[in-house]
Amino acid sequence: MLSIMPNIEDKTRPKISGLSRRAHIMRSLTCIVPLTILSLLVLTAIFAPWLAPHDPIKVSMTERRLPPVFMEGGSTKYILGTDHLGRDVLSRAIYGARISLSVSLLVIAITASVGTILGIAAGYIGGRTEAFLMRFTDISMSFPPLVLAMLLSVILGPGYITVVLALSVLGWAPYARLIRGEALRIRNSDFVSQARVSGASPMRIMIKHIFPNVINPLIIVMTMAVGFMILAEAGLSFLGIGIPPPDPSWGSMVADGRGDIDRAWWITTFPGILIGMVVMSGNFFGDWLRDKMDPRLRQL
Amino acid sequence: MSDILLQVENLCTSFFTRAGEFKAIDGVSFYVREGETFGLVGESACGKTVTGLSILRLLPEPAGRIIGGKIILDGTNLIELSKKEMRAYRGKMISMILQDPMTSLNPVYTVGNQIGESVRLHQGLRDDMVEDEVISALRLLRIPAPEIRIRDYPFQMSGGMRQRVVGSIAMSCRPRLLIADEPTTALDATIQAQYIALFKDIQKQTDVAIIFITHDFGVIAQMCHRVAVMYAGKIVETAATSTIFKAPKHPYTAALINSVPHLDRKDDRLYSIEGQPPSLLNLPPGCRFAPRCHDVQEVCHQQQPPTVEISDGHSVSCWGVK
């Protein structure tokens with residue numbers, strides 16, 4: 001009888017080897033590669049002053065639109081070339097990581113928290129609370145985000161905090177909708193009834209039983225949002241209501257280079273590649289995290 | 001009698017929907033003694049589960065509401081308690097085992113954590129003491145190697161094991177009343193027999209009173225001391241288990257017992273009751289079983305039959321019983 005039971009000391013249970021060795025390696029690559037890229041970018045953002053070879057906002061009118069080092073006419077002084085004002089693209093990309101990443105992470109943290117709290121409350125409590133919260137959500141979703149962003153920009157003046165606020169004010173609504181749907185489904189499950197039978201209070205059920213069961217969809221949406229937020233910030237910057245120039249963000253760099261795309265492709269391409277890398281890394285890492293966090297999939 | 005633990009008097013519960021008022025249970029009265037197993041039997045949708053949920057006051061709000069009656073547990077009328085006071089009763093004084101063990105456990109927590117929840121809520125113990133309680137609850141349900149099992153997630157357990165874990169959660173604070181809502185329906189026959197034996201044993205050890213909700217007369221015969229038969233939201237007959245089987249008085253009870261298959265009888269067809277239970281939206285004015293009853297009289301269609309106690313502890317609601 002006891003021999004089929006795992007040993008008490010044996011914390012690591014024998015893994016069910018349903019996957020081939022190759023599939024195992026592929027699976028861990030979807031974690032390691034995106035995580036490496038994201039950590040490198042975060043480190044770059046943190047250590048930008050030490051890594052950037054030039055001042056990102058220093059204009060040099062004699063060195064405009066210089067090509068990158070690997071092209072004819074390029075030099076090692078400006079490895080990724082210069083933009084239409086003679087500013088170093090590499091240094092701007094390095095400093096841009098600070099603004100682009102911190103804006104998107106901050107906005108995601110704010111919107112996901114607000115949306116989750118409202119969504120769980122609406123889904124679990126139901127009745128009038130739900131009706132009120134969901135109509136409020138509908139109104140938020142029907143509001144044109146750019147108009148509101150412009151309004152905020154006019155009232156507060158363009159800047160970092162304005163961008164974060166403008167993206168957060170409406171950004172929580174999709175989370176609230178998603179989480180409310182999940183909470184509604186979980187509210188009617190037997191284990192919630194079981195918790196009620198045990199005498200758990202509504203607050204406890206929401207925090208302990210509903211929240212952990214909505215984490216998976218939440219993470220997926222949050223990781224997808226990384227790319228979206230970087231693009232949204234770029235859009236705001238392009239319209240002049242985002243990060244004011246001369247401070248670099250990847251989005252405003254792409255926007256800056258648009259007019260020069262036929263003669264100086266490197267101005268838009270390098271920040272564009274960085275945006276693409278962050279978006280993909282976020283998605284792959286999100287997928288991997290979901291597989292890891294769902295105990296039903298844990299042993300597969 | 002002095003050892004009555006739960007007294008339900010004239011309990012009425014309705015569901016208010018757009019289609020109108022569903023009288024899910026309508027004037028149900030019964031009592032449960034300490035340490036006794038009381039069976040609630042009847043076909044689907046006759047109000048068995050709603051009775052159980054009403055006692056715990058866990059009806060799906062806002063549609064379901066208790067609209068009348070008393071539920072007296074050990075001298076306290078549960079209907080008059082505030083929500084907060086009621087929460088203190090749940091899990092500690094009264095507990096319930098839900099129908100489906102496969103979905104009654106939260107997939108993201110270990111079973112130890114889930115059994116411990118009730119203990120932590122009601123007893124305010126330190127973590128290491130909670131673990132001792134959890135292990136003793138698992139041991140009570142005879143789960144082998146509980147010290148290891150507490151670290152398992154629900155998906156790592158078999159259906160029978162999960163059902164025992166659900167039982168451990170219900171018994172973790174040693175409640176005085178346990179409502180078991182068809183706990184054996186999802187299990188196969190062998191496991192079912194084990195589970196019933198287990199519950200008899202637990203009852204002996206803890207002296208817990210059990211309300212056993214089922215549609216299976218076989219389970220009633222093995223498990224229960226007394227039985228109430230429900231039909232369309234009303235109790236039609238209450239008696240000791242042996243009386244119900246030997247001398248059922250209500251035509252519905254007799255028909256139900258008749259429709260249980262027997263190994264020693266060689267019937268070609270299994271007996272079945274003609275017709276359908278009445279819609280709870282549109283109840284007949286008289287006896288609710290009248291349209292399907294073999295011994296129906298004129299009065300049955302016009303007036304509801306009174307409940308009469310024909311012998312000690314045996315009461316019937318039928319015009320045909322004098």
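**The open sheet of chain B**

Reply: In chain B, eight strands form an open sheet with mixed pairing, and their order is S6-S7-S8-S3-S9-S10-S12-S11. Strands here are DSSP runs marked E of at least two residues, while helices are runs marked H or I of at least four residues, and both are numbered from the N terminus; two strands are said to pair if DSSP finds at least two bridges between them. The structure is a predicted model, in which local features need pLDDT of at least 70 and side-chain atom pairs count only at pLDDT 80 or more, whereas totals for chains, interfaces and linings use all residues. Residues are numbered from 1 along each chain as its sequence is written, and chains are lettered from A and ligands numbered from 1 in the order in which they are written.

The edges of the sheet are strand S6 (94-97) and strand S11 (307-311) of chain B, each of which pairs on one side only. On average, neighbouring strands of this sheet are turned by 20° against each other, with direction ignored; for such angles, axes are lines fitted to C-alpha atoms, for helices over the stretch in contact, and angles between N-to-C directions run from 0 to 180 degrees.

Two helices can then be placed against the strands. Helix H6 (residues 159-171) of chain B lies across S6 and strand S7 (177-181) of chain B, and its direction makes about 170° with S6(B). H10(B) also packs on the sheet, where this helix touches S9 and S10 of chain B and runs at about 105° to S9(B); touching, or contact, requires that the C-beta atoms of two residues, placed from the backbone, lie within 7 Å.

Which residues of helix H10 (residues 251-258) of chain B are buried? They are B:Pro251, B:Tyr252, B:Thr253 and B:Leu256, where a residue is buried if 20 or more other C-beta atoms lie within 10 Å of its own, exposed if 12 or fewer do, and partly exposed in between, with C-beta atoms placed from the backbone. The cover over these buried residues of H10(B) includes strand S9 (226-231) and strand S10 (234-240), together with helix H8 (217-223) and helix H9 (241-246), of chain B.
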